[in-house]
Amino acid sequence: MTTRPPLTDSFDRRIESVRISITDRCNFRCRYCMPAEGLPWLQRSEVLTFEEIERLARILAAMGVSHVRITGGEPLVRRDAPDLIERLVRVPGLDDLALTTNGVALRTLAGPLVDAGLRRINVSLDSLDHTRFAEVTRRDMLDRVLEGLEEAERYPELRPIKVNCVAMRGFTEQEVVAFAELARRKPYVVRFIEFMPLDADRTWSKDDVLTGDEIRAMIEAAHPLVRLPAPASSTAERWAFADGAGEVGFINPVSQPFCSSCDRIRITAEGALRTCLFALEETDLRTPLRSGADDLAIEALIREAVAGKRMKHEIGEPGFVRSAKSMSQIGG
Ligand code: SAM
Ligand code: SF4
């Protein structure tokens with residue numbers, strides 16, 4: 001329910017979507033995201049409580065931010081994650097609630113999440129081969145993720161199930177067709193995401209980016225595709241198999257930036273507002289939340305930050321400066 005003026009930035013982009021990280025912790029150590037070891041965790045007291053997250057969601061929803069995605073770190077390592085879902089589904093005006101997970105905990109949590117009201121889920125999966133999966137995630141847990149996906153499938157109300165694969169040159173090519181066939185065989189929309197410079201190891205180079213167009217050409221050589229319409233603010237190109245057996249998607253932030261239609265902001269686990277994945281500055285919302293600021297004061301802070309949202313990310317351009325934070329610390 002929009003009861004406040006809409007949230008818009010200085011380029012007339014209306015903000016309708018927020019990604020909320022509920023923890024910086026993770027049980028994986030994906031190479032494109034975290035270091036092998038040594039990333040210090042936030043203290044529990046530094047992380048927003050479910051009450052604080054719900055309050056921010058209400059303030060945002062009143063300004064027309066109707067899409068919320070819960071992420072992390074790994075959101076399902078936070079105890080009682082379904083309780084947060086239950087709180088958020090009741091927020092007036094919030095009409096689309098989704099979760100991004102590495103899938104490990106879905107074997108036990110898919111049911112409780114659905115019972116709490118979750119209807120959309122994204123599961124990250126970068127390889128269907130045990131050795132290669134362990135190479136990327138630095139954890140030998142492919143079977144647990146596949147079991148988690150099977151469990152999610154048991155709930156028809158949890159659709160679509162999206163499987164997200166980070167595409168890295170020199171690694172992903174050999175499984176592109178296998179992933180496409182997974183999308184044909186299973187009720188999963190498989191989406192390839194271009195590798196972005198958000199790895200804690202800071203090894204990213206533009207040469208490591210396997211583009212969505214390259215992957216699509218590989219799939220089309222085996223299985224013809226037809227383009228599907230997608231809303232203007234969508235980050236993904238959607239393609240269906242020409243014979244009707246399933247769908248794949250391409251999220252191409254590096255080769256085809258979608259900044260001009262970006263409708264998104266992020267809140268980190270410690271309650272900082274980021275208006276771009278690649279922002280170098282953040283707005284602390286936790287301090288005002290904890291020091292008695294009323295909703296209008298918090299709204300004013302959010303509006304001021306959003307007014308400064310940058311026009312585009314500038315990856316690959318000469319002036320590009322990497323954020324000091326990794327994807328797990330921002331909330332992907
Ligand atoms: N732990 C959960 C997961 O992996 O799904 C949620 C958080 S994770 C940071 C969110 C998404 O960001 C995942 O799909 C992950 O693959 C993606 N990601 C992480 N680092 C990335 C990078 N450097 N480039 C592109 N995508 C990345
Ligand atoms: Fe953890 Fe997700 Fe980052 Fe992998 S991508 S290390 S699962 S937060």
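A polar contact is a pair of N or O atoms within 3.5 Å; within protein, one of the two must be able to donate a hydrogen and the other to accept it. With that in mind, the side chains of D96 and H67 are joined by a polar contact of 3.1 Å. Please remember that this is a predicted model.

**Around D96**
- D96 sits in strand β3, which covers residues 96-101.
- Its relative accessible area is 18%, so D96 counts as buried, the cut-off being under 20%.
- Leaving out residues up to four places away in sequence, D96 touches S66, H67, V68 and R120.

- In soluble globular proteins, nonpolar side chains tend to be buried together.
- Here, the largest nonpolar core has 100 residues, and I70 and L88 are among those with the most contacts inside it.
- Helix α1 (residues 50-62) gives this core its largest share, seven residues.
- Beyond its neighbours within four places in sequence, I70 is in contact with residues including I20, I22, L88 and L99.

**The ligand site**
- There are 17 residues around ligand 1, and Y32, G73, S124, V166 and M196 come nearest.
- By class, this shell has seven nonpolar, eight polar and two charged residues.
- A nitrogen atom of ligand 1 lies 3.2 Å from an N or O atom in the side chain of E74.
- Polar backbone atoms take part too: one of G73 is 3.0 Å from a nitrogen atom of ligand 1, and one of M196 is 2.9 Å from a nitrogen atom of the ligand.
- Of the 540 Å² of accessible area that ligand 1 has on its own, the protein covers 95%.

Definitions and conventions:
Residues are numbered from 1 along each chain as its sequence is written. Chains are lettered from A and ligands numbered from 1 in the order in which they are written. This is a predicted model: local features need pLDDT of at least 70, side-chain atom pairs count only at pLDDT 80 or more; totals for chains, interfaces and linings use all residues. Side-chain values use heavy atoms; hydrogens and water are left out. A nonpolar core is a set of buried Ala, Val, Leu, Ile, Met, Phe, Trp, Tyr and Cys residues joined through side-chain atoms within 4.5 Å. Buried means under 20% relative accessible area, exposed over 50%, partly exposed in between (1.4 Å probe, protein chains only). Helices (H or I, at least four residues) and strands (E, at least two) are DSSP runs, numbered from the N terminus. Contact means heavy atoms within 4.5 Å. A residue is near a molecule or strand if one of its heavy atoms lies within 4 Å of it. Accessible areas come from the Shrake-Rupley method with a 1.4 Å probe; for residues, only the protein chains shown count as cover. Ala, Val, Leu, Ile, Met, Phe, Trp, Tyr, Cys and Pro count as nonpolar, Asp, Glu, Lys and Arg as charged, and the others, Gly among them, as polar.
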